[in-house]
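Colleague: I am new to this structure and would like a close look at a single part. Please keep it brisk.

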Amino acid sequence: MRLAVRIPPLLLFVVIVLAMWLGRGEARGMPLLLVPAAVLWVAGGLLGGGALLRFRRQGTTVHPLRLDESRVLVTEGVYRVSRNPMYLGLLCWTMALACYLGGLAVWLGPLLLWGWLSRFQIVPEEQALQRRFGEAYANYCRRVRRWC
């Protein structure tokens, strides 16, 4: 079960963050936006870190391009609130950076990350997981939203 798109989500995240930083212009975030930036940063760390820990405890792969190595369907911990907490964590971090940098143009970064992951990463992953785990995955999808 290999995905057709082979851009690792972490690489995409790094490229988008670099583009946001380099394209930030003169605008600076308002001090008032530092609070939501900090909240988003912490939330991203908790979501992503919690997801990684849960995968490690279950003894399954975290590599998004090697779904054939998935041993178990992880549905506990942060996976009770999101089917994609690692991607949600990355999205939170790009939104935190957009709050910090300020300006409207930097918000293209989180929008691009969300759109790319939704279409080119998550949809193929969901199809692969459906084939691998069948009705258990279908039931999980009915209980838990894709993002949150």
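Colleague: Is Leu 18 buried, exposed or partly exposed, and what is its relative accessible area? Please go on from there to the packing around its helix.

Modeller: A word of caution before the details: this is a predicted model. Leu 18 is partly exposed, because its relative accessible area is 49%, and that value falls between the 20% limit for buried and the 50% limit for exposed. Its place is in helix α1, which spans residues 9–22. Look across from there to Gly 109. Along the chain, Leu 18 and Gly 109 are 91 residues apart, yet 9.5 Å separates their C-alpha atoms.

Gly 109 also turns up beside Met 20. Leaving out residues up to four places away in sequence, Met 20 touches Thr 94, Leu 97, Ala 98, Leu 101, Val 106, Gly 109 and Pro 110. Met 20 belongs to the largest nonpolar core, which has 22 residues. Within that core, Met 20, Leu 113, Leu 117 and Trp 147 touch the most other members. Helices α1, α2, α3 and α4 each give two or more residues to the core. The largest share comes from α3, with 10 residues. There is also a second, separate core of 11 residues. Among its members are Val 74, Tyr 79, Met 86 and Tyr 137. In soluble globular proteins, nonpolar side chains tend to be buried together.

Ser 82 sits in the loop between α2 (34–58) and α3 (85–101). Ser 82 is buried, because its relative accessible area is 0%, and the cut-off for buried is under 20%. Its side chain reaches the backbone nitrogen of Asn 84 at 3.0 Å. Setting aside neighbours within four places in sequence, Ser 82 is in contact with Leu 88, Tyr 140, Val 144, Arg 145, Arg 146, Trp 147 and Cys 148.

Helix α4 (residues 108–133) and helix α5 (residues 135–143) pack at an angle of about 130 degrees, and their axes are 6 Å apart. That angle makes α4 oblique to α5. On the α4 side, the contact is made by Glu 126, Leu 129, Gln 130 and Phe 133. On the α5 side, the residues are Glu 135, Ala 136, Tyr 137 and Ala 138. The residues of this contact divide into five nonpolar, one polar and two charged.

Key
Residues numbered from 1 in each chain as written. Predicted model: local features only at pLDDT ≥ 70, side-chain atom pairs only at ≥ 80, totals over all residues. Heavy atoms only, no water. Helix = DSSP H or I, 4+ residues; strand = E, 2+ residues; numbered from the N terminus. Buried < 20%, exposed > 50% of the residue type's maximum accessible area, 1.4 Å probe, protein only. Polar contact = N/O pair within 3.5 Å; in protein donor to acceptor, adjacent residues only side chain to side chain. Contact = heavy atoms within 4.5 Å. Axes fitted to C-alpha atoms, helices over the stretch in contact; angles between N-to-C directions. Parallel < 35°, antiparallel > 145°, perpendicular 65-115°, else oblique. Nonpolar A, V, L, I, M, F, W, Y, C, P; charged D, E, K, R; others polar. Core = buried A, V, L, I, M, F, W, Y, C linked by side-chain atoms within 4.5 Å.
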